[in-house]
Amino acid sequence: MHLYKNQLIRKSELLEQDITQMYQLMDSFYENINPKEFLRTLAEKDYIFLVRNPYGAIKAFTTMQLFSIPGKKLKAQGILIGDIISNQNFVWEKNLIWESLVRLERIPTRYFERYVFLACKDYWTYHVFGDSFYRCYPSEDLDTPIYMKKLMNVFGEYYSNGEYEVTSGIIKYGCFPRKIKKSRLKMMEDVIKADPDDCFLVRNPGFLDGDALVCVAELAARKQIEGIEEREPLVNFRA
């Protein structure tokens, strides 16, 4: 049994000390972070996922934003999840994520029956994302269906303000002038040496420079569908 406690709360439920701790974690993770910009982007979010230690201190968090993309042929509604920001010594336990996904049912139904999007700049976030959701793309094991690729392109073009590359599925660094701090790079360098053929490293070779890989998943926790080999998509999203 893990010693950490996870919470999925509305942004309005954050306390001042929570926001301070979140900023401190963010500042320890990325370069080019300032309080004003942090508060501006936080104001756009709807839900916050927190992991606390037994004393209540925040050791990891990510943000969630409900959104919709207007379009003539393909409209997208879903939840945008941010990279997981964590204390340098914090080790993720998969059950922390799985347990929280069940609580996503608290989010309005019209969003629950859609998709989860991620512009991923972090190796660990990509793998937690893939381990937590059903049919997550791009995948190491599965080809990306055409309709999912279209959905990724719609999201990438809408979210990146012109910095998205359709062929690679990458949002270039210019859109998010944010790099991982040097203090974190040693851990990343060890990961790269250990598994240079990892799916995330191959698809996003510029992640250390701030490039983001566009990912999408169906909003269904794998723990909820354990033992089920096939399942129809929660929504028929076709162009």
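The dialogue below goes through some features of a predicted model, one at a time.

Colleague: What percentage of the residues count as buried?

Modeller: A residue is called buried under 20% relative accessible area, exposed over 50%, and partly exposed in between (1.4 Å probe, protein chains only). By that rule, 50% of the 239 residues of the chain count as buried. The areas themselves come from the Shrake-Rupley method with a 1.4 Å probe, and for residues only the protein chains shown count as cover. The accessible surface of the chain comes to about 12500 Å², and 50% of that surface belongs to carbon and sulfur atoms.

Colleague: Which residues touch the most other members of the largest nonpolar core?

Modeller: In soluble globular proteins, nonpolar side chains tend to be buried together. A nonpolar core is here a set of buried Ala, Val, Leu, Ile, Met, Phe, Trp, Tyr and Cys residues joined through side-chain atoms within 4.5 Å. The largest one has 46 residues, and those that touch the most other members are Leu 14, Met 22, Phe 38, Leu 50, Phe 61, Phe 129 and Phe 200. Helix H1 (residues 16-29) gives the most to this core, with six residues. A second, separate core has 17 residues, including Leu 80, Tyr 137, Phe 155 and Tyr 164.

Colleague: Leaving aside neighbours within four places in sequence, which residues is Leu 14 in contact with?

Modeller: Contact means heavy atoms within 4.5 Å. With those neighbours left aside, Leu 14 is in contact with Ile 9, Ile 19, Met 22, Leu 42, Ile 48 and Leu 50. For the chain as a whole, among contacts with a separation of 6 or more, 71% are between residues 24 or more positions apart.

Colleague: At roughly what angle do the axes of H1 and H2 cross?

Modeller: Axes are lines fitted to C-alpha atoms, for helices over the stretch in contact, and angles run from 0 to 180 degrees between N-to-C directions. The axes of H1 and H2 come within 11 Å and cross at roughly 115°. Where the two helices meet, Ile 19, Met 22, Tyr 23 and Met 26 in H1 face Pro 35, Phe 38, Leu 39 and Leu 42 in H2. Leu 39 is partly exposed, at a relative accessible area of 45%, and its C-alpha atom is separated by 8.6 Å from that of Tyr 23, 16 residues apart along the chain.

Colleague: How many salt bridges does the structure hold?

Modeller: A salt bridge is a side-chain nitrogen of Lys or Arg within 4 Å of a carboxyl oxygen of Asp or Glu. The structure holds five. In one of them, Glu 37 and Arg 40 meet at 2.7 Å, N to O, and these two are three residues apart in helix H2 (residues 35-43), which separates them by about one helical turn. Arg 40 also meets Glu 44, at 3.0 Å, so that Glu 37, Arg 40 and Glu 44 are linked in a network of salt bridges. Glu 37 is partly exposed at 31%, as is Arg 40 at 43%, and Glu 44 is partly exposed at 38%.

Colleague: Are Lys 121 and Asp 83 buried or exposed?

Modeller: Lys 121 counts as buried at 7% relative accessibility, and Asp 83 counts as buried at 8%. Their side chains meet in a salt bridge of 3.4 Å, N to O. Lys 121 lies in the loop between strand S6 (115-120) and helix H5 (123-132), and Asp 83 in the loop between strand S4 (76-81) and strand S5 (85-86), so the pair ties together parts that are 38 residues apart in sequence.

Colleague: Which peptide bond is cis, with omega near 0°?

Modeller: Most peptide bonds are trans. The bond from Tyr 137 to Pro 138 is cis, with omega near 0°, and Pro 138 lies in the loop between strand S7 (133-137) and helix H6 (146-160). Ser 139 is found in the loop between S7 and H6 too, and counts as buried at 15% relative accessibility. Not counting residues up to four places away in sequence, Ser 139 touches Tyr 126, Cys 199 and Arg 203.

Note on methods:
Residues are numbered from 1 along each chain as its sequence is written. This is a predicted model: local features need pLDDT of at least 70, side-chain atom pairs count only at pLDDT 80 or more; totals for chains, interfaces and linings use all residues. Side-chain values use heavy atoms; hydrogens and water are left out. Helices (H or I, at least four residues) and strands (E, at least two) are DSSP runs, numbered from the N terminus.
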